[in-house]
Amino acid sequence: MDTSKRITRDILKILEQDARTTPAQIAKLTGISEEEAAAEIKRLEEERIIIRYKTLIDWEKAGKDVIYAFIDVKVSPSRGVGFDDVAERIARFPEVTSVYLVSGEYDLRVVVAGSSMQELAFFVSEKLATIDRVQSTASHFVLKRYKVDSELLSGRGVEDKRLAIQP
């Protein structure tokens, strides 16, 4: 792997672990200048390789009730667009946090969040199930989250044993 690709990969890994890492810190970790780090980050943002920066919040600890569910959706594909138009329509709903095309019995896996099971049930019955070409759904409510976006949520004496990225 050439040096520029390695540096790009290292920058992406650093920012994926902590989006607050500054170009100066990235420069020290990768062995490039702060200006080079800032320019590479800007390029990655412009090309939408870095799509956005995100804060992961444990809403349960913050005192807010959030219910998550996985909704499996069976869809009739359409000539020329397959599943894309239905997936994009589903993705526009504010309750939806993620949409994936998956293999298996169902075609799409939709991740939704709401303040109650009733709210999510209403979403499925009144919004999702009424979309043209949606044939059926199967709902799976999340009972407890242990790990999200590569982060353990419990924090009960779990020591981070990963090695720091070094140049």
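At what angle do helix α2 and helix α3 pack, and how far apart are their axes? Hi everyone, let's look at that together. This is a predicted model, where local features need pLDDT of at least 70, side-chain atom pairs count only at pLDDT 80 or more, and totals for chains, interfaces and linings use all residues. Residues are numbered from 1 along each chain as its sequence is written, and side-chain values use heavy atoms, leaving out hydrogens and water.

So, the helices. α2 (residues 23-30) packs against α3 (residues 34-46) at about 110 degrees, with the axes 8 Å apart. Here helices are DSSP runs of H or I, at least four residues, numbered from the N terminus. Axes are lines fitted to C-alpha atoms, for helices over the stretch in contact, and angles run from 0 to 180 degrees between N-to-C directions. The pair is therefore roughly perpendicular, a label for 65 to 115 degrees.

Who touches whom? Pro23, Ala24, Ile26 and Ala27 of α2 meet Glu34, Ala37, Ala38 and Ile41 of α3, with contact meaning heavy atoms within 4.5 Å. By class, that contact has 7 nonpolar residues, 1 charged and no polar ones. Nonpolar covers Ala, Val, Leu, Ile, Met, Phe, Trp, Tyr, Cys and Pro; charged covers Asp, Glu, Lys and Arg; the others, Gly among them, are polar.

Last stop: helix α1 (residues 3-17) gives 5 residues to the lining of the largest pocket, the largest share. That lining has 9 nonpolar, 3 polar and 9 charged residues.

Methods
Helix = DSSP H or I, 4+ residues; strand = E, 2+ residues; numbered from the N terminus. Parallel < 35°, antiparallel > 145°, perpendicular 65-115°, else oblique.
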